[in-house]
Protein chains: 2
Amino acid sequence: MHNLMIKHAAQVVTCSGFEGKRGREMADLRVIENGTVIVTGGIISHVLKPGEPVPVNESDYTVIDATGKALLPGFVDPHTHFVFGGYREEEFSWRMRGDSYMAIMQRGGGIVCTTHATRAATEKELIVSGRQRLDAMMRLGITTVEGKSGYGLDRETELKQLRVMRHLNESHPIDIVATFMGAHAVPEEWKGREDAFIDFQIEEMFPLVAKEGLAVAADIFCEKGVFLIDQSRRYLLAAREQGLQLKIHADEIAPLGGAELAAELHCLSADHLLQASDKGIRALAEAGTVATLLPLTAFSLREPYARARTMIDAGCVVALASDLNPGSSFTASVPLLFALACIYMQLTPEEAVTAFTLNSAAALGRADRIGSIDVGKQGDLVLLQFPSYKFLPYHVGMNIVEKVIKKGILIVDNA
Amino acid sequence: MHNLMIKHAAQVVTCSGFEGKRGREMADLRVIENGTVIVTGGIISHVLKPGEPVPVNESDYTVIDATGKALLPGFVDPHTHFVFGGYREEEFSWRMRGDSYMAIMQRGGGIVCTTHATRAATEKELIVSGRQRLDAMMRLGITTVEGKSGYGLDRETELKQLRVMRHLNESHPIDIVATFMGAHAVPEEWKGREDAFIDFQIEEMFPLVAKEGLAVAADIFCEKGVFLIDQSRRYLLAAREQGLQLKIHADEIAPLGGAELAAELHCLSADHLLQASDKGIRALAEAGTVATLLPLTAFSLREPYARARTMIDAGCVVALASDLNPGSSFTASVPLLFALACIYMQLTPEEAVTAFTLNSAAALGRADRIGSIDVGKQGDLVLLQFPSYKFLPYHVGMNIVEKVIKKGILIVDNA
């Protein structure tokens, strides 16, 4: 039954809206106290204030009493690399003791390690490990997740990663939004021929991806020493011609101007942005390109956090994401994400909630369908063990999600 | 059935030892690959290397196949304040936006808020919320936890907190080690009469606590503006006379000499130690007093971390704890504890494991009974989803505990 009624929630944190919220708007969660939400046929059909009559027949619905508990939109994680082969737990120790990236590469670590393991893995193996990761995310309240290719860096493996995501999207309750990221790194065999590698993406990969409908967006690692601004522009413009939406790994390590490029091309989102310039931030705000920040990566790498406060104050649409990947951020921890955003990036709890619901939906171009509790949107909901969303950052690092509902179906019950 | 056999664990991380490990010894986890552990009647009876014959009748045992998974001693959290009334989620937001501690106090925040709520709560209410917190800890692999009184600061409430812990110890699978902390703060009604308040603890409270056998240790908040060195010494010496073991909140905010006092009195542990002096650290090492570090508190308060590396290199017995409490560290997150220890305090994964198993058992005076996988110790075990303990810090902030075993009984199955 996709008919569900959640009654008497201490808070219905609606996050109401159909597009990403900019700047100060992010603080407005439009909370209804003691509210009731009705999902009919998988779609939110009613959001009721206390005292409003229930306009449906309760016996047609699964009813959950949410007294003393806060109800939120399902969380949306708009930037992950969750399909990969192998692990790098040894490398983690090397990095922690201060070994250089070059030393780690020479010992077989780094992205090359994951590329080898992902190439070697069968589709079935990637499905099994991918499903385990989705299960863990689901228990943390994530109902929609973006996933990128980019660990194959060759034709077959890139397509394999995307097909794995297609399979998981069809067989797992979490919705998966697939992004093609053939330009995640320059593989050994293309070193020194970056322009030709970009040509390969444009001429061979984009048409294949588009033909099978394997991805809805394209992404590129625009960074000093990886792909430069002009290469990134060429890649992204060609992707758009194939009907793909645009995302970009921008200004993570050096202030290369990735934020400015994202604004120029009106990308859906620019991600990382640790080194984004003031000009880049203003450009993102003007263009309405979502600034997707990845605090778990900064935490894991002991890097400074992105300037979230500056971005919000400049009127940006700020989103949060996990960046789950086997190297720099092997985590999908929603509670740690909220803790870092509020303790170390000076987001208020309200802004953090908007950033991981409506604004992260906007980073995927789906704010019209998910990311808030509004009539007409998908019935994707999270019920907390506590009466307020304020417990999300306050109960530091603890999973306080009690129930998760996807399209009106109870998919997680941690109670 | 308290008979359990865990076969073919990818790693049996024994942490073998019957007292806290000092300095370099902490890195030696004595791992057995492809090992088998047998618990008979709740006690570890055999720890087998691959190829060693199983010397019991398998049909008398519940058998778990641990292929591909690492087996560790149950985690021991040696410093919490998990029994309390009320929450302070509003105060968290005030603190994050930069309000001063005084401003927060004036708005009804701070420890006074928790004292009021704990005094007002019934024993039953404290049992219900305490049990919820124990359940959450248990799912994270904690099999023994210390809990302190200290939110009553009056006769009845202090005894109430301790009785709640006694009740929970008898009714919940987790073992609870109760510590009396009547000198956690100076309550309003005793302000300016700190010496008399200490007299009250010594003359009235210690005998009551001892008579009912409500606690095994006493603790005091030795800090500038709270209880000074001489007051702390007097309190602790009197506690020892009543048969209580000694713990101390030392050098958290100011370098008052709490570490030196802990060493002088041969306390079981000195806790916090963010500002401990070099001399204090050397004294702890010489005395064998456990240095219990609380990185979750430092993280939550944006404070610098304790100098764990210096302490280990000086030969200290270093333990880790959550400090779970409703104000400065509302968390029992084991995964975040490991991440902070390894990423921000430069512990190796091996040292962090020792610090949260054998050494935290030593901080409770129980290293002879728990904290390692040794024949004769309690059958308290944690099975990870992954083949190596190295995934504990590497899978940042994620709970990777699959099964928890207490005295040979499976009490958590997250699979």
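So, chain B and chain A bury about 3400 Å² between them, and 68% of that is on carbon and sulfur atoms. Keep in mind that this is a predicted model. The scores are ipTM 0.97 and pTM 0.98, and chain A averages a pLDDT of 97, with 100% of its residues at 70 or above.

Who's in the contact? You get 36 residues from chain B and 36 from chain A. On the B side, the residues that lose the most area to chain A are Phe299(B), Phe330(B) and Tyr394(B); together they make up 22% of what that side buries.

What about polar pairing across the chains? The count is 16 residue pairs in polar contact between chain B and chain A, and there are two salt bridges. One to look at is Glu90(B) with Lys390(A), where the side chains meet at 2.8 Å, N to O.

Which elements of chain B carry the surface that touches chain A? Helices α1 (89–96), α10 (295–301), α12 (334–344) and α15 (391–394) of chain B each put in at least two residues. The largest share is from α12(B), with six residues. By type, that side of chain B splits into 24 nonpolar, seven polar and five charged.

Okay, now inside chain A.

From domain 1, Arg22(A), Met26(A) and Pro393(A) supply 23% of the area buried against domain 2, more than any other three residues. In terms of contacts, 36 residues of domain 1 of chain A meet 32 residues of domain 2 of chain A.

The rule finds two salt bridges across this domain interface too, and the count of residue pairs in polar contact is twelve. On the domain 1 side of chain A, the elements giving two or more residues are β5 (70–73), α15 (391–394), β15 (401–406) and β16 (409–413). Strand β15(A) has the largest share, four residues. That side of domain 1 divides into 18 nonpolar, nine polar and nine charged.

Last one, if you want a salt bridge in chain A to zoom in on: the side chains of Asp175(A) and Lys406(A) meet at 2.9 Å, N to O.

Key. Residues are numbered from 1 along each chain as its sequence is written. Chains are lettered from A and ligands numbered from 1 in the order in which they are written. This is a predicted model: local features need pLDDT of at least 70, side-chain atom pairs count only at pLDDT 80 or more; totals for chains, interfaces and linings use all residues. Side-chain values use heavy atoms; hydrogens and water are left out. Contact means heavy atoms within 4.5 Å. Buried area is the accessible area (1.4 Å probe) that two parts lose on being put together, summed over both. A salt bridge is a side-chain nitrogen of Lys or Arg within 4 Å of a carboxyl oxygen of Asp or Glu. A polar contact is a pair of N or O atoms within 3.5 Å; within protein, one must be able to donate a hydrogen and the other to accept it, and residues adjacent in sequence count only if both atoms are side-chain atoms. Ala, Val, Leu, Ile, Met, Phe, Trp, Tyr, Cys and Pro count as nonpolar, Asp, Glu, Lys and Arg as charged, and the others, Gly among them, as polar. pLDDT is the predictor's confidence in each residue, from 0 to 100.
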